[in-house]
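Visitor: I am new to this structure and would like a close look at a single part of it, the salt bridges. Please take them one by one, and then show me what else stands out along the chain.

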Amino acid sequence: MEVSWDQLTLSFSRISMFPFFDIAHYLVCVMRLRQQLEAAPVEGQNPLISWFRAMIYCFGGGILTCFLLGEAPTQFLENNTNVLLASSVWYIVFYCPYDIVCELYGFLPIQLLVASMKEMTRTWKIVGGITYASRNYTNAWLVLIAVGWARGVGGNLMLRMEQFLRGDWKPETSKLVEISYPVKITLVGAVLFTLQHIEKLPIAKHNLMFCYTFFIVVTKITMILTESDSSPLTPFEIILGRMLFGFQQQQESTISLQNTLKSSLNGTNTSTRPCPTSTENKKRHCKKME
């Protein structure tokens with residue numbers, strides 16, 4: 001029995017995120033907390049603070065959405081099942097004997113699987129945020145974009161807010177100052193799904209969900225395999241920037257574009273390291289002679 005394209009994409013759009021995909025989302029968020037340098041002493045001295053930070057990471061999209069819509073930021077606590085599930089993931093990551101969960105997470109196939117499932121939840125969060133905001137803001141497409149974007153990438157933004165409250169925030173590492181790839185691709189998804197929601201984009205929702213999810217999953221897997229942190233959207237940003245905002249920095253943009261393409265193909269980050277001057281060489285030589 002042949003399955004048509006519409007039936008495939010429609011079945012795909014009806015996949016439930018609970019519990020397996022939600023577990024993957026919580027696992028990635030908690031592992032990000034675990035891998036931070038300051039996370040180890042915090043969880044060892046005060047488990048309550050560690051749990052609170054983990055909940056901010058896991059439910060950051062919902063918390064930020066409530067802020068934008070003027071609702072209580074503690075609304076995520078109403079879903080006891082998800083809170084208990086996220087708390088269970090936090091506990092086994094930090095307190096599992098012999099760090100079995102962390103050791104298993106270190107295997108590349110498991111990382112690819114968990115990262116792919118995490119990216120799928122991004123699509124569902126964007127769509128859910130737009131649908132939720134459209135109840136009160138039917139034609140306010142800017143509000144729909146903002147809520148969908150916040151719902152899909154709220155965890156990354158709440159991470160910076162949490163660091164600011166702890167006094168560890170640095171402007172040079174802020175997602176708002178230097179927008180990362182997840183923030184960019186989530187914004188693109190929020191715009192696309194908003195245009196589809198207000199019937200300005202002639203495509204069915206389930207088809208758009210399938211195509212967008214396929215793109216972000218393949219891109220994420222490629223970035224993990226190539227160990228590249230460079231955004232695949234950077235070449236398009238440079239080209240559009242030169243077309244729309246002038247050609248004053250054409251040479252610098254061309255060099256940046258070439259470096260980005262090389263890093264994407266080679267799977268390495270382009271970094272420039274200053275060459276030692278002749279004065280520095282002389283000082284080193286003198287130290288050796290001494």
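Guide: The count of salt bridges comes to 3, where a salt bridge is a side-chain nitrogen of Lys or Arg within 4 Å of a carboxyl oxygen of Asp or Glu. Side chains of opposite charge can pair when their charged atoms come close. The model is predicted, and local features need pLDDT of at least 70, side-chain atom pairs count only at pLDDT 80 or more, while totals for chains, interfaces and linings use all residues. Residues are numbered from 1 along each chain as its sequence is written, and side-chain values use heavy atoms, with hydrogens and water left out.

One of the pairs is R122 with E119, whose closest N and O atoms are 3.1 Å apart. Both residues lie in helix α8, 3 residues apart, about one turn of the helix. Helices here (H or I, at least four residues) are DSSP runs, numbered from the N terminus, as are strands (E, at least two). An α-helix has 3.6 residues a turn, so residues three or four places apart point the same way. Helix α8 itself covers residues 108-133.

R122 and E119 are both buried. Buried means under 20% relative accessible area, exposed over 50%, and partly exposed in between (1.4 Å probe, protein chains only). R122 has a relative accessible area of 6%, which is why it counts as buried. Leaving aside residues up to four places away in sequence, R122 touches G152, V153, P182, T186, Y212 and I216; contact means heavy atoms within 4.5 Å.

Another pair is K184 with E237, with the closest N and O atoms 3.1 Å apart. This pair links distant parts of the chain, 53 residues apart: K184 is in helix α10 (residues 181-197) and E237 is in helix α12 (residues 234-245). E237 is partly exposed, because its relative accessible area is 36%.

R34 pairs with D99, and here the closest N and O atoms are 3.3 Å apart. This pair also links distant parts of the chain, 65 residues apart, with R34 in helix α2 (residues 20-35) and D99 in the loop between α6 (80-95) and α7 (100-105). R34 has a relative accessibility of 23%, so it counts as partly exposed. D99 is partly exposed too, with a relative accessible area of 29%.

Next come some features of the backbone. Most residues other than glycine have a negative phi, and most peptide bonds are trans. A cis peptide bond joins F18 and P19, with omega about 0 degrees; P19 lies in the loop between α1 (5-13) and α2.

E199 is not a glycine, yet it has a positive phi of about 65 degrees. E199 lies in the loop between α10 and α11 (205-226), and at 70% relative accessibility it counts as exposed. E227, which is not a glycine either, has a positive phi of about 55 degrees. The loop between α11 and α12 holds E227, and its relative accessibility of 64% makes it exposed.

Helix α5 (residues 60-69) has 7 of its 10 residues buried, so it is largely enclosed by the rest of the structure. The buried residues of α5 are G60, G61, I63, L64, T65, C66 and L69. Just after α5, G70 takes a positive phi of about 70 degrees.
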